[in-house]
Amino acid sequence: MTRRITNTVAPCLRSLRGRHPVITKQWVPTVAGFSTATPYQYAAAAATRTTAFPGLHVPNEHIPSTKVPSARPVENRKAQLIRTYTSLLRSTPLMLLFQHNNLTAVEWAAVRRELKKALVDVPAMNTSPGAEPLDLAPKVQMQVLRTNMFKVALRITELYNAEAAAALETTPSSPHGPLVHDLSTTAYETIKNTPTVPGSAVAQLEPLMVGPLAALVLPALSTAHLAAALSVLSPVPGKFPAPSRKKNPGYYDPIFQEGLSKLLLVGGRIEGKVFDHAGINWVGGIEGGLDGLRAQLVGLLQGAGLGITSTLEGGSRSLWLALEGRKTQLEEEQNPKTEQAE
């Protein structure tokens, strides 16, 4: 009996459904947007959902200072690498760039071991008179770089000026200040539209940044530590000789030698200036470090002063001798006339 009623009522229900379609409502966006958090937390969550909902736009005045708008998602690893590399380029006075041919983990460990062993023997650096010597050996690092991200960071460091961008009226801003950080849209548009000037640091380094790169980072400019590092990573006979087998047997370990053969020094950046291999060798060959360079400069200035003094004295001495000779000549000419008159 029940089955007969069901079979009879089913066609009627289908006809009613066709005449009055059931209205379904999408509750997912509403539930996703519902929150009991504070306005700042809601703004941060809404800023995170802009990638999922392209039409969603949060006003700048509702965006917290901890998560400002940027040209790329700040939580991505690439964005974090760009921030790391820009900070590294701005704070590091000495950086050497190496091309590496896929060193294994064991080979990298051997390279860092021998580098640390060579730097430990270098005496501590005197940063200023009266201050305690600074030991740079634990702070020197050998880092593997992501080449593409390092290129972007280099262009931001060299071509983008945040202070100049903040002074422009067209720069977007928020209640916390102008949006001119390294990942901002302003920085992205600047490095995209600014041409590379021939002879600049970007023009000199970009041709060298091909393939996998590694960087030797020194937190201070110490020529003694640079010379010790070059004697291990890029030895030059007679100038930066490699350690002898008796002094350092680990240097001739096959694993280290295999890793060393895969490293090639291509250039460096010292105090914002780009140096090639010969320039790096010249900086590393300065005896006594900065103190030795200052002594050479003082000696050069003293030599120049002595040369100027000698030149001035030579001119005045010549003039005095000429006048004395003329005086003697005139006296000799007057004496014969006096004798003839007598």
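Modeller: The protein has 13 helices and seven strands; helices (H or I, at least four residues) and strands (E, at least two) are DSSP runs, numbered from the N terminus. Keep in mind that this is a predicted model, where local features need pLDDT of at least 70, side-chain atom pairs count only at pLDDT 80 or more, and totals for chains, interfaces and linings use all residues. Residues are numbered from 1 along each chain as its sequence is written, and side-chain values use heavy atoms, leaving out hydrogens and water.

Of the 342 residues, 31% count as buried. Buried means under 20% relative accessible area, exposed means over 50%, and partly exposed is in between (1.4 Å probe, protein chains only).

The part I'd pick is helix α4. It has 15 residues and reaches 21 Å from its first C-alpha to its last, close to the 21 Å expected at 1.5 Å a residue; that expected span is 1.5 Å times one less than the number of residues. Its buried residues are A79, L81, I82, Y85, T86, L88 and L89. What covers them? The cover includes strands β1 (94-100), β2 (141-145), β5 (213-218) and β6 (263-270), along with helix α6.

Let's follow one of those covering pieces, β5. Six of its six residues are buried. L213, A215 and V217 point one way while A214, L216 and L218 point the other way, and all are buried. Strand β5 runs antiparallel to β1, joined to it by six bridges, and two strands count as paired if DSSP finds at least two bridges between them. In that pairing, F98 stands opposite A214 of β5. Strand β2 also pairs with β5 in the antiparallel sense, over five bridges; there, L145 has L213 of β5 as its bridge partner.

The structure holds three aromatic pairs. Y85 and F150 make one that is edge-to-face, with 5.7 Å centre to centre and 75° between the planes. Rings of Phe, Tyr and Trp (its six-membered ring) pair if their centres lie within 6.5 Å; planes under 30 degrees apart count as stacked, over 60 as edge-to-face and the rest as tilted. Why does the Y85 and F150 pair tie together parts that are 65 residues apart in sequence? Because Y85 lies in helix α4 (residues 77-91), whereas F150 lies in helix α6 (residues 147-159). Both Y85 and F150 are buried.

Y251 is buried, with a relative accessible area of 3%, but Y252 is partly exposed at 30%. Together with F256, Y251 and Y252 form one aromatic cluster. The charged end of R245 sits over the ring of Y252, 4.4 Å from its centre. For that label, NZ of Lys or CZ of Arg must be within 6 Å of the ring centre and within 35 degrees of the ring normal.

Leaving aside its neighbours within four places in sequence, Q257 is in contact with Y251 and Y252, where contact means heavy atoms within 4.5 Å.
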